[in-house]
Amino acid sequence: MVKYKEDWYRLYHVHYQQYPDDCIENIYWLEKAVHADFCNPLYTGVKIETEKQWEKYRYLFQMHLNLKLIEQHLRLGRTYDKKVAYFYDAPWKDEYLRNIEKCLSCYKAGLVYWQEAQLWAEKANVKDFLFLYISEKQNWEDERERIKTGELNYGKMLEREIARVEKVRDELIAMKSKSY
């Protein structure tokens, strides 16, 4: 029975070659995980002995879920991304514009998840947790630290991609149908 965050998260998986349907499926599982309750600390697969560890685990897990949602939205957005508008794209510009709108919606959704991930990382960075590490989830701790130091900044990357895609969109809109 799938009921708790940890159960929904187990359904998330990355394929070697990920198609849009795979990304959408993963987004669905991760969204369900974000909104579900946590399971009992006994069943997390992580050794949790104190309430502080439990609190930090929850913050790290929420942060990690949001980071995975960003990654899936980036993968989905790249499917529809038109990297460059060439002069000979004019006959298909309406289709490209539809795809660009899908791409932009994916990238903009990623920004929302980035703000959420930053909030959870900030909660996991308070001084109460300064020397408390969930060693079984070292990758989550690494993500938290990289967000703290600014080494991991999906916001900057997403804003750059959104600006680039909007520029391509503007170039396509400005094209005349006989420009090739």
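1. In this predicted model, the largest nonpolar core has 51 residues, and those with the most contacts inside it are Tyr57, Met63, Leu67, Ile70 and Tyr154. A nonpolar core is here a set of buried Ala, Val, Leu, Ile, Met, Phe, Trp, Tyr and Cys residues joined through side-chain atoms within 4.5 Å; buried means under 20% relative accessible area, exposed over 50% and partly exposed in between, with a 1.4 Å probe and protein chains only. At least two residues of this core come from each of α2 (20-35), α3 (51-80), α4 (93-124), α5 (138-149) and α6 (154-174), and α4 gives the most, with 13 residues.

2. The protein chain has six helices and zero strands, where helices (H or I, at least four residues) and strands (E, at least two) are DSSP runs numbered from the N terminus. The C-alpha atoms fill a box of roughly 70 × 35 × 25 Å along the principal axes, and 45% of the 180 residues count as buried.

3. Which residues does Tyr57 touch, leaving aside its neighbours within four places in sequence? Tyr57 is in contact with Glu6, Phe38, Thr44, Val46, Ile48, Ile134 and Trp140, contact meaning heavy atoms within 4.5 Å. For the protein chain, residues 24 or more positions apart account for 80% of the contacts with a separation of 6 or more.

4. The structure holds 17 aromatic pairs; rings of Phe, Tyr and Trp (its six-membered ring) pair if their centres lie within 6.5 Å, and planes under 30 degrees apart count as stacked, over 60 as edge-to-face and the rest as tilted. The pair of Tyr57 and Phe61 is tilted because the ring planes stand at 45°, with the ring centres 5.8 Å apart. Both residues lie in helix α3, four residues apart, about one turn of the helix.

5. Are Tyr57 and Phe61 buried or exposed? Tyr57 is buried, with a relative accessible area of 1%, and Phe61 also counts as buried, at 1% relative accessibility. Tyr57 and Phe61 belong to one aromatic cluster, together with Tyr9, Tyr12, Phe38, Trp54 and Trp140.

6. Residues are numbered from 1 along each chain as its sequence is written, and side-chain values use heavy atoms, with hydrogens and water left out. Since this is a predicted model, local features need pLDDT of at least 70 and side-chain atom pairs count only at pLDDT 80 or more, while totals for chains, interfaces and linings use all residues.
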